[in-house]
Amino acid sequence: MARLGGFPENRSLNIDALFEVTASSSGSETVQTSLPPGPERDAILNELVGALSEQATDSTAMIEELRGLMVGRDITQLINAVVVPAMTVRSTGTQSVADGNTTSTWAAKVEYLVGVALSMTNTGDAGTPTDVMHRVTQLISDIFEAEQLRLIAQTIEKADSDTERELLLQQMQLEYQTDRMPGYAVHLERVDSEVFGRHRDYYMNALGFDPADVIRCTRLHTRSIGEMYLAGINAMAEALNAGGINRDGEQVMRHAFDAITLWKPADVAASTGIDAEQITAMLDFFSTEYGCQPAFRAPSDLNRVRTHPCIRLGNLTYLVPDPWALSAGIHRRLAAETTRKNYDPKKYFKHRQDAHERLVTSALRTVFGQANVYSTQHYNLAAGTHGEIDSLVCTEWPLVVEAKAIALTEPGRRGAPSRVDTKIKTILSKALDQTDRALSYILDQRGRTFAPTENGRAVELLPDVAGGTAIIVTFERIDPFASGGLTVAGRVNRPTWVVSLTDLLMTTDILTDPSAFHHYARRRAEMHSARARTLAEADTLGAYLLSRLSILDSADENTSILIGHSCEALNEFYTRQEAGWAAEKPETGVSGDVTAALTMACRQPGWVTAVDAVMTSDPSVWKKWKNFRRKHRRGGVFPLNGHVCLVTSTAGESSFERSDDSLLINIPRPS
């Protein structure tokens, strides 16, 4: 896939020297283990600190040059000259469309460009030549790099005994500057439909539009523009092949290019089926005007574009440089809105908390089935203390899940220490206490009974258990919390996985059977004790699909592990799906007949042992198993390891049993 434009990537700082890099045989997984303490690492670190000091230059001159290039120009045209080529893809749908590793910061860079444009007062009507457009994109990339190097250098200078906290704050600041992806669109729409769908009339009365329509509108209109663009390309290609010129095709192309960023409510209504008045209300809600932030300069400054990503141009036309910024900002806006006529933010928070808990439970039920997943369960410990947990997955190794929909405010997103400390306590520390209490009841006190209400009748839900894992699900995506928040929170007494709601939906979307999801949840929860971090949940899931996070097995207390960009297959799948092209969902590669047999046995003794044997088997095993099953139609035993065997059976249904010291997964012979 090729884009018509974009932002150049600068990689002058080589931190990879501090890590030993390992890539999978497919080349799409990157995991890194830090060098152990010693002279080699100290020398590299000193060299890195020196490079940081040298390269973390003042960006003031570059910012003023960028502003100078805007003087006297038609700012709308300049923004489009940068944005439209960056967003336009040349693709037939047959080649790879996964370019997230090179474009992940582009949304933030577009936001910064528009922020600078909103600070200008001395604009004009001059056009934007190609050389100016290229210089603007280069300057923005250079400014971003300088700001990132400055943040890293400051963190090193301020580092004290609490280095983990300083690292978390740095990650928060870097993420605030560069990351604008709250999740894949399909999962965002599912979340917003659940939060707002039951309260449509309330929001229509308060806002004039249904917030659930924001992501739906963006998806439908963006796809419509893509189809229009492709139709124009095809019409022009056919005309050229026939030796002529297709004026209608040219007109379609021009209209498609305008429609990428210039939104007119009537056109958007036609492509989405949403009433034009509601589209107007939606765009007005997100709109601002040129000249509204004259003091804005650096990427670290407060940028109104973060919450108002549209510019009202007049004549019922709105400049929408990044349509996906609308859905990324809807919850941030509603959380920050003050009480006014017809709108009470307390109601919004209640709607989102309730929807959050429902979505967590329903996502888990899609994997484990309704009979094995219970929402809001109450219990009493031996000391008489009462406990409650948001969701309970009842297997031989239960998953105890706590859902937190608490909002992270703008200062917290920007890495303000006091705000981050507060949210670590209210989101992670509180959830850790709740999950630890529940697992203590289950594992230490052999608690098996739960009630749906505090004073309700308790019933036995759990079988004999082999262990337990905690999952903390945040409503908002906060990658630094998911990666390093547990270390800062402390008191992690049980294996715990911190994940955002959209990332949980992604995981249940990809790992659809209990064996795969349960194994991933346990491996993911092991990352804290293995001193392993991840850039994003999609990278961890991508690495799991390729190698089952095998790097964790070699964890050493003197080193740390970083799971880098490994989500190429996931990006490919969801990008193609969003474009309406044929898409192949990434899979674990495990034989479906085996996981189907294990699905029915998730409460039986030995299930976790069997799951581990199945999920960690070499990929080559499943081709051998397929051949074995075909050749042994009358019965046969296929060992996975010294304790777990696959058995071809003449019985009509799958089963799971223990025979002496062996666990047997019985699978019917192929029909």
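Okay, let's start at F475, which sits in the loop between β14 (469-474) and α18 (479-489). Helices here are DSSP runs of H or I with at least four residues, strands are runs of E with at least two, and both are numbered from the N terminus. Before I go on: this is a predicted model, so local features need pLDDT of at least 70, side-chain atom pairs count only at pLDDT 80 or more, and totals for chains, interfaces and linings use all residues. Residues are numbered from 1 along each chain as its sequence is written, and side-chain values use heavy atoms, with hydrogens and water left out.

Is F475 buried or exposed? F475 is buried, because its relative accessible area is 7%, and buried means under 20% with a 1.4 Å probe on protein chains only, exposed being over 50% and partly exposed in between. Leaving aside residues up to four places away in sequence, F475 touches V191, V195, H331, R352, H356, K404, A405 and L501; a contact is heavy atoms within 4.5 Å.

The buried ones are L501, T502, D503, L504, L505, M506, T507, T508 and I510.

Stepping back for the overall numbers: the protein has 25 helices and 21 strands. Of its 671 residues, 53% are buried. Take contacts between residues at least 6 apart in sequence, and 73% of them join residues at least 24 apart.

Now, helix packing. α20 and helix α24 (residues 607-615) pack at about 90°, with axes 10 Å apart. The axes are lines fitted to C-alpha atoms, for helices over the stretch in contact, and angles run from 0 to 180 degrees between N-to-C directions. That makes α20 roughly perpendicular to α24, a label for 65 to 115 degrees, where under 35 is roughly parallel, over 145 roughly antiparallel and the rest oblique. On the α20 side you've got P514, S515, A516, H518, H519 and R522, and on the α24 side W607, V608, V611, D612 and M615. By class, that's six nonpolar, three polar and two charged. Nonpolar covers Ala, Val, Leu, Ile, Met, Phe, Trp, Tyr, Cys and Pro, charged covers Asp, Glu, Lys and Arg, and the others, Gly among them, are polar.

The other pair I picked is helix α7 (residues 163-178) with helix α17 (residues 417-444), at about 105° and 11 Å between axes. These two are therefore roughly perpendicular as well. R165, L168, L169 and M172 of α7 meet P417, V420, D421 and I424 of α17.

How many aromatic pairs does the structure hold? There are 21, counting Phe, Tyr and Trp (six-membered ring) with centres within 6.5 Å; planes under 30 degrees apart are stacked, over 60 edge-to-face, the rest tilted. Y520 and Y544 are edge-to-face, at 5.1 Å centre to centre and 75° between planes. Y520 is in helix α20 (residues 514-526) and Y544 in helix α21 (residues 537-547), 24 residues apart. Both tyrosines are buried. R548 lies over the face of Y544, 5.2 Å from the ring centre; the rule is NZ of Lys or CZ of Arg within 6 Å of the centre and within 35 degrees of the ring normal. Likewise, the charged end of R306 sits over the ring of Y176, 4.3 Å from its centre.
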